[in-house]
Each structure stands twice: as structure tokens, then as C-alpha cells.
Amino acid sequence: MAQPESKKIFFENLSGAGKAIAVLTSGGDAQGMNAAVRAVVRMGLYVGAKVYFIHEGYQGMVDGGENIVEASWESVSSMLQVGGTVIGSARCKEFRSHEGRLKAAHNLVQQGITNLCVIGGDGSLTGANLFREEWSGLLTELVEQGLIEADAVQKYSALHIVGMVGSIDNDFCGTDMTIGTDSALHRIIEVVDAIMTTAQSHQRTFVLEVMGRHCGYLALVSALACGADWVLIPEMPPEDGWEDKMCEKLSANRAGMKRLNIIIVAEGAIDRSNRPITTDYIKDLVVKCLGFDTRVTILGHVQRGGTPSAFDRILASRMGVEAVLALLETTANTPACVVSLCGNQSVRLPLMECVQMTQEVQRAMDGKRFEEAVRLRGRSFENNLRTYKLLAHRKPESELPVSNFNVAVLNVGAPAAGMNAAVRSAVRVGISEGHKMFAVNDGFEGFYKGQIKEIKWADVGGWTGQGGTLLGTKRTLPGKHVDKIAEQMRMHNINALLIIGGFEAFLSLLELLTARGKYDEFCVPMVMVPATVSNNVPGSDLSIGADTALNAITATCDRIKQSASGTKRRVFIIETMGGYCGYLASVGGLAAGADAAYIYEEPFDIRDLQANVEHLTEKMKTSIQRGLVLRNENCNDNYTTDFIYQLYSEEGRGVFDSRKNVLGHMQQGGAPSPFDRNFGTKITAKAMQWVSKKLVETYRQGRVFANTEDSCCLLGMRRRALVFQPVVQLKDETDFVHRIPKEQWWLKLRPLMKILAKYKTSYDVSDSGQLMHVVRNRPKDSDASVAM
């Protein structure tokens, strides 16, 4: 894959001298807003600009005075892990009036502020754009009233606006994820997982209401993540007569030995006549029709609370830095833009294009054009809805296609959270496609021993929230046992293989591809879905399990730092997993606010270690009380965790003391995060559909025969697209000795961590600076936001 020509901006060239940037949070709060504020402040200071807090949103801008305060580097310390917004947010009626905006303009001019970074929803961003359009007229009025000098009109002639969307509802068109959405999903899934245990004990039905007055994203994705029996969202009201269908589904699930039912309702759920569907209505319906013991739980503002997830911290940090770059590059003719996420890329989109499309969704819903509303929400939303329907609602046997194909699914390598969600998805999609699905226990070791059995729809019920792997997994490669594996494939008439795993799974596919020359049994479609906490599989930017591991690292680092609260200055040395891949250490360091992260991909020596110690010593003397250093387990044979700990202890003597922690296998354990549940579910569903297509294409004269390179693929996420790649073509991209890809996208995030830790460094902006446009319908094969 061709890499874009690097266009690096260096510290000396990134000049914000003479510029004043103000940051505010407006509307409803969302976890991760503080991370965005921190990134704006530190990147702004890094480039030499003055940065100001505007407290209490637009109200603070209108009131002025002590609400507009200059920010320092230290003023945003220890806020990365804090939920909500520490600079306050308020809804301001006065700003909606011309007089209010006139006051706001006066207060900004007094501080010399002409660059605004607004973090909020579509209402907040629309208000900012109106303010920008009126700016020159407002300054003229201020001159006429004698409140500012005439030359101020020329000096502060243009107001520049960059927006970041902070909203737990994910209701803003143009971005795959808004700041706060992933954290809200964490709160919902934590509650659902807890409720499922009590519901199972008493054979109860639970009706859960989640936020989303105008957008059903939280309800839909949480239903997908926990395998809910029924979901109700405003964009796609149920067909008339839905009550009977829902009760039939609940009854059928109970008859299938399921001890509980979960129904998730968005607070804005409606029927086809635009009448609200309430939780009490559903409870009364279930009790009346089925007699099930039913309870209602309304999650409410718990969804807004708590610490931000690793995803939201990283997203907000990247967006904050990108927002400052956008402000530096803007001109008087540049339209106000919003920094968005597309796949794993930060992009800039015209603010009003996004706002207008967001408003179109509501107009479509008001006009009962529900299919259009779903389409306008974007391909991610459509894909979520389609996948949920496919996995939650089993078609009657009479409606299933008859394929007569047998497909085997197995896990290979180390366990990763989300593997069970992936297996469930594979099994149910396969059955929906008419295939007979077989589960292989314990990877290829179980395969050659004959641990293969048919797996049915109900067998994978409740698997999405389970950590580890219920099928079992081993690191055993198939090479030494290809004859026995071929025999088992012949005995069970296996027509296709779906492998879920890490680097061992990639090696396994290469070995099976080679074995095709000797065994026709391997001339079948074979596909791999990457699943490993290390995120070291070539051909994919993300792997199932990595997000859960990042959250484990981030949460542990938060606790470790908090343990030193109120004590003397302390630095913690934390060892992470990952083999030779530094993904967990680097991205975990960005999410946890680390001062340094040592990895194999970025060689370091004793001089670098000494410079880091001196840098931390200087910071400890002037401001911070706690330091955090992450080390990848295989970053260097000689500079071990013990060595680095002893070095920091000795060199920091008299300024700070040191502690070390090895996180170990806790990074592999625990329930999968919402991200990993949904990524695993959707990427595997796509892989299974590819298998079905290949089976039809390669079926000739009563048998399946597939021996081309493109019949043995890895499905990976590349930048903004899900791509099927022949594994043989990935060999040149792979460092087989160290089991990592030769090119890794996340290395571009490392300068971010260094900048936010007050290091002078270069920052690659080859992916920045281009103002894109909102696309109503992306090409079908470029569903960028499969992950969520």
C-alpha cells in the first residue's frame, strides 16, 4: 500500500506567535471533553500562541470578566481522566440574540482573541458559525458605540472557527464517532452486563431506556454489543403489529432455554405514527401478553458520567491537536470547519455541510421518511442496523437458503476479548446464509485431533459479553499436522475456513496456502479476521481485543497515578504486553497521559533515557507531582524494566522516587469493550459474507475448488476501508522475525504524546490540512466505521 509523501511540520515552523486561541465547551457535557481541552491548550502553547479558557460556554463568553482566563501548561494537568468538562458548560439564551453576540464579540476583542475552538453539539457549532458570519458587522457596531478603537476592526478583521463534536448521542453527520459516545457505551454495557446476571437468576425480562432523544445510535450499538432481544430507535420505528412480533420473539427465546430477555429502548423511540413508545408501555405489554416477570431500568445521566474511555481520550487528543493545526492554517476565506473521524483518520469537513445534513435527518424523520433517515445517518449506522437484524432475528427454516456448504470456524493464537462476539457473528451469519457451521475447539491442535462439532444458532447465545474464548485457542501451527487436518476436513466435508486470531493465524493461513499444492482439501475459501491484544497483524490497522487491552492499561495507569496523590513526587514505570509491537505502550501512553513510552520500533539508547529523566526532573521541580513511563515488554534486551526503574530511581534521587509495575495478563482478561464487541461482530459478519460469495464462485461440478491467491485472504481495516487482502501479498509487508508489520500507522501518534508531554519534536501532518466534503453515500466497499 503506497504511503503518502511525508510533510513534516517542525517545532520551529509551527508558528502561532501573535495568535490568541480560545477554547470552550458548550451544550451537554460528554466524557473526553477535558482531553480535547487539554490537547488544544498544550498544542496551542507548543506553537507559541496564547490560549484562553472560556468558562461556562457561551454564557461565559457573553458575561466576560473572570470567565475568560489565560491557560497555562500546568492548568490542564491531571484532567485527562476526568469526566465531564472542568471549564464548565451552559446553555445560553442570551447568545442567541444579537445583543448577546455583540457582548461576546466585545469580550473577545478585549483579549485579542480571533480563533475559537468550540466543543459541543450541532446547536453550539451552528451558533459559532453565525457568530463568525456576523463578526465584521459586530465590530463595526462596537466602534460606533465607542467600545473599541476603529483600528481594531482591521486588526481583528476575521474570526476563525474550528469545531469538535462532543455529544454522547453520536448524532452529528460527517463524523464516525463523536467525543463521549464510546464512554457512554461503556456505561450502558457495564449496566447491561450487571443486569443480565440478576435477570438470569430470576428468569426476568428487563426493559432498558438509554439516551437518544433524536438519535438511536446508543440503543442500536448497545443492543448489538449485548445481543439484546429487541431494540426500538427513532430512525426506524417498528412496522405496525410489532407488539405481537416482539412477544413471539421473547416467547421463542424462552422456549429455547434462554432464562432472560433484554429490550433496549432509545428515549426518543416512536411508532410509525410518530407516537412515543415508552418503557412502561412495553413492560405492561410483556406482562399482559406473556406474563413474564418484567422490570424497567432507566439509565439516565449515568451515561454522561464517569471517566472517559481510552478511545475517547485518544479521539479527543487527536481532534484537539488537529483543531489547532486547522486554526493555524485558516484564512479569512476558509469556511468554518469541524474536525471529524473517518475510519482511523482525522479529517476536516465544512461545519455547515455537516449541520445541514444532521438537520436533514430530523426532517426525514418528521416526514416519516424513515429509510431516508437511516441512510442519512451514514453507512456506519446502516451497517449497525443491518447487522443487528441479521444476528438477532433468526429466519424460519423454510425461508433460509439451502447451500449444502460446511464452514468451520476456529480461534488461533492467544485469547483476545471480542473473539466470542466474532464467533457468534460467524455462526449466525453462516446459518442465515444457509450453511452448516462447525466449531473447532483449541485451534489447529483440536482440528487435527478431531475436536470438531456442528454449532447451532442457540449455542452462541449470550457470547458477545464473554471474555477470553469459549471455543478455546492454541498457538499450534498447522504445518506439522497438515495430513491429519486434511483428513479431518475430508471427513467433515469442510468447504471453507474462517480463522479468528493473531499473528499465528496469519502464519497458519500461509502454511495452508502452501499445503494446497499437496492436499486438495485446502483448495477452499479461507479468510482470517485479526484478533490479538498486540495489534501486530499485517494488513490491518486494528485488531479485535486491542481496545479492551488499552482500556485495561488506561484504567490501571489512572489508579496507579492516583495512588501517589498527596504523597511526594513519584514516577511510575509500567511494562505492557505486545511482543515486539509497541502499539499498546504508545497508544496506551497517549490515553493515560504518559511522559514517555519505550518501544522496539523506535530505537533508543542511554542518552535518550538520560534526556527523559532530566525532562521529568525539570517538570517535577516546577509543576507535576506524578510521572508515568510505559515500556513495551520487548523494546530492548538490555534496557529492561528493572534497568529503567533503577536508572530513574538513581537519577531522580532528591526530586522524585520511582515505582514499577508489570501489568501482565490482566491486559488479556476482562469483558470485551463495546468497541471490540462491535468490531468483532461486524468485521466477522463481512468475512462470512465473503465466504458465501467465494463458495458460490468456486463451486464447480459438484465440488468447491479454490486455488487462487484471492481465495485465501485476510480481512483488515486499512485507513478508511475494510479490505480483503490475499495473505501471500502481505508477506513483503511483514517482519517475520519480530512478528510485526513493516509499516504501522500508529507511529504517527507518538509525536502527539511527546508534544502533550512538553517535548520538542517533529509532527507528521501528511494526513492533515485538506478540507473534505460530506459524502452522502460512500462506495459500498469503503465502510470506514465498521468498528463502531
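1. In this predicted model, Arg187 and Glu190 lie three residues apart in helix α6 (residues 181-202), which means that about one helical turn separates them. The two side chains form a salt bridge, with their closest N and O atoms 3.5 Å apart. Arg187 counts as buried because its relative accessibility is 11%, under the 20% cut-off, whereas Glu190 is partly exposed at 46%.

2. A second pair, Asp293 and Arg295, meets in a salt bridge with an N to O distance of 2.5 Å. Asp293 is partly exposed, at 28% relative accessibility, and Arg295 is likewise partly exposed, at 33%.

3. Glu650 and Arg653 also form a salt bridge, the closest N and O atoms being 2.7 Å apart; Glu650 is partly exposed, with a relative accessible area of 44%, while Arg653 is exposed, at 60%. The search of the whole structure finds 31 salt bridges.

4. Arg91, Lys93, Arg96 and Arg213 form a positive surface patch. Of these residues, Lys93 sits in the loop between β4 (68-70) and α3 (98-111), and Lys93 is exposed, with a relative accessible area of 71%.

5. Helix α1 (residues 33-46) has 14 residues, so at 1.5 Å a residue it should span 20 Å, and this agrees with the 20 Å that separates its end C-alpha atoms. The helix is mostly covered, with 13 of its 14 residues buried, and α1 is followed by Gly48, which has a positive phi near 95°.

How values were computed
Residues are numbered from 1 along each chain as its sequence is written. This is a predicted model: local features need pLDDT of at least 70, side-chain atom pairs count only at pLDDT 80 or more; totals for chains, interfaces and linings use all residues. Side-chain values use heavy atoms; hydrogens and water are left out. Patches are made of residues with over 30% relative accessible area and no salt bridge: like charges are joined within 9 Å, nonpolar side chains (Val, Leu, Ile, Met, Phe, Trp, Tyr) within 5 Å. Accessible areas come from the Shrake-Rupley method with a 1.4 Å probe; for residues, only the protein chains shown count as cover. A salt bridge is a side-chain nitrogen of Lys or Arg within 4 Å of a carboxyl oxygen of Asp or Glu. Lys and Arg count as positive and Asp and Glu as negative; His and the chain ends are not counted. The place of a charge is taken as NZ of Lys, CZ of Arg, CG of Asp or CD of Glu. Helices (H or I, at least four residues) and strands (E, at least two) are DSSP runs, numbered from the N terminus. Buried means under 20% relative accessible area, exposed over 50%, partly exposed in between (1.4 Å probe, protein chains only). The expected span of a helix is 1.5 Å times one less than its number of residues.
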